[in-house]
Amino acid sequence: MTTTAVLPGAIEPFVVHFDDLDAMGIVHNARYAVFLERALSNKRGHSYAGGRPTTTDVMHAVAEYSISYRAPVRGTGEIGVHFWLESLGESSAVYRFRIISADGRTVHAEGRRVNVKLDPRTLRPAPWSDNAREVAGALLAPVGAEEGTQQD
């Protein structure tokens, strides 16, 4: 996976499989959300192991999700999921993301997702842990960093 510029956040390589495709041989629109979900939970210590959350920060709800499709992903093979944090509040996190070609030149889709951390007992908003804030620090984009990352 290569990119042409230094971008905020992380890029997770991803493989599109046959069962991700629709009848036209392009990635089904619903799969993009799954790709993002997997990329966000990959290798950052906040996931599920043995069917249980590894930290309370895994307990969150998606409050908002929007996506714009730019160019279809045709067939199987490698792509990338580029994501970064636009902002991190007391109990919310605003992610931006792009589904990109393996070489980073084509943006297949881009969007925004807002998570709200929940207290597992009350299901009310709860503050992110210090550990979650530390992990988030590496994903936070500098103000104005989003400009110039979109590609045609």
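**Exercise 1. Find how many salt bridges a search of the whole structure gives.**

Start with the criterion: a salt bridge is a side-chain nitrogen of Lys or Arg within 4 Å of a carboxyl oxygen of Asp or Glu. Then note what you're working with: this is a predicted model, where local features need pLDDT of at least 70, side-chain atom pairs count only at pLDDT 80 or more, and totals for chains, interfaces and linings use all residues. Residues are numbered from 1 along each chain as its sequence is written, and side-chain values use heavy atoms, with hydrogens and water left out. Run the search and you get six salt bridges.

**Exercise 2. Work out where Arg113 and Glu37 sit and how they pair.**

Their side chains form a salt bridge, N to O 2.6 Å. Helices (H or I, at least four residues) and strands (E, at least two) are DSSP runs, numbered from the N terminus. Last, check accessibility: buried is under 20% relative accessible area, exposed over 50%, partly exposed in between (1.4 Å probe, protein chains only). Arg113 comes out buried at 3%, while Glu37 is partly exposed at 36%.

**Exercise 3. Describe the salt bridge between Arg96 and Glu86.**

Take the distance first: 3.2 Å, N to O. Arg96 belongs to strand S6 (residues 92-101) and Glu86 to strand S5, so the pair ties together parts 10 residues apart in sequence. Finally, Arg96 is buried at 16% relative accessibility, and Glu86 is partly exposed at 33%.
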